Amino acid sequence: MENQNHAHHSEQVKLNLKSRLNRIEGQVKAINRMIDEDVYCDDVLTQIRATRSALNSVATKLLEHHMKSCIMEKINQGTEEEAMEELLVTFQKLVKD
């Protein structure tokens, strides 16, 4: 599902998000190795929880940026209702399992 809107992330924001995602990628690879090596289930679950927390942190940072830039831009353009509807849909996507 492609959206015609585009984000305008600064290089600093991109670097921060990519750095976090690279660490998460490393965590996922570690989980995969743990499974291969028959590591104790509780230890694997602990790593999964940490990875999920890290991914939630990326989502929170991205949501913060979205609210402060994309949503505020729409509000400043006079499309408050559209901005609020988009924000609501975004929140629903984040909390949906």
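**Note on helix packing, salt bridges and a nonpolar patch**

1. Glu11 is exposed, its relative accessible area being 54%. The model discussed here is predicted. The side chain of Glu11 forms a salt bridge with that of Lys14, with an N to O distance of 3.7 Å. Both residues belong to helix H1 and are three residues apart, about one turn of the helix. Lys14 has a relative accessible area of 36% and is partly exposed.

2. A second pair in helix H1 is Lys29 and Glu25, which lie four residues apart, again about one turn of the helix. Their side chains meet in a salt bridge at 3.7 Å, N to O. Lys29 is partly exposed at 48% relative accessible area, and Glu25 is partly exposed at 42%.

3. Which residue forms a salt bridge with Lys74, the closest N and O atoms being 2.3 Å apart? The partner is Glu86. Lys74 has a relative accessibility of 13% and counts as buried, because the cut-off for burial is under 20%. Together with Glu82, the residues Lys74 and Glu86 are linked in a network of salt bridges. Over the whole structure, a search finds five salt bridges.

4. The packing of the helices may be taken next. Two packed helices are described by the angle between their axes and the distance between the axes. Helix H1 spans residues 11-36 and helix H2 residues 41-76; they pack at an angle of about 165°, and their axes are 10 Å apart. This angle makes H1 roughly antiparallel to H2, because angles over 145 degrees count as such. The crossing of H1 past H2 is left-handed.

5. For H2 and H3, the axes come within 9 Å and cross at roughly 165°. H2 is therefore roughly antiparallel to H3. Is the crossing of H2 past H3 left-handed or right-handed? H2 passes H3 in a right-handed crossing.

6. The surface carries a nonpolar patch of about 360 Å², made by Met67, Phe91, Leu94 and Val95. Helix H3, residues 80-95, supplies the largest share of this patch, namely three residues. Val95 is placed in helix H3. Val95 is exposed because its relative accessible area of 66% is over the 50% cut-off.

How values were computed
Residues numbered from 1 in each chain as written. Predicted model: local features only at pLDDT ≥ 70, side-chain atom pairs only at ≥ 80, totals over all residues. Heavy atoms only, no water. Patch = residues over 30% accessible without salt bridge, like charges linked within 9 Å, V, L, I, M, F, W, Y side chains within 5 Å. Areas by Shrake-Rupley, 256 points an atom, 1.4 Å probe, with all protein chains shown as cover. Salt bridge = Lys/Arg side-chain N within 4 Å of Asp/Glu carboxyl O. Helix = DSSP H or I, 4+ residues; strand = E, 2+ residues; numbered from the N terminus. Buried < 20%, exposed > 50% of the residue type's maximum accessible area, 1.4 Å probe, protein only. Axes fitted to C-alpha atoms, helices over the stretch in contact; angles between N-to-C directions. Parallel < 35°, antiparallel > 145°, perpendicular 65-115°, else oblique. Left-handed = near helix turned anticlockwise from the far one by under 90°.
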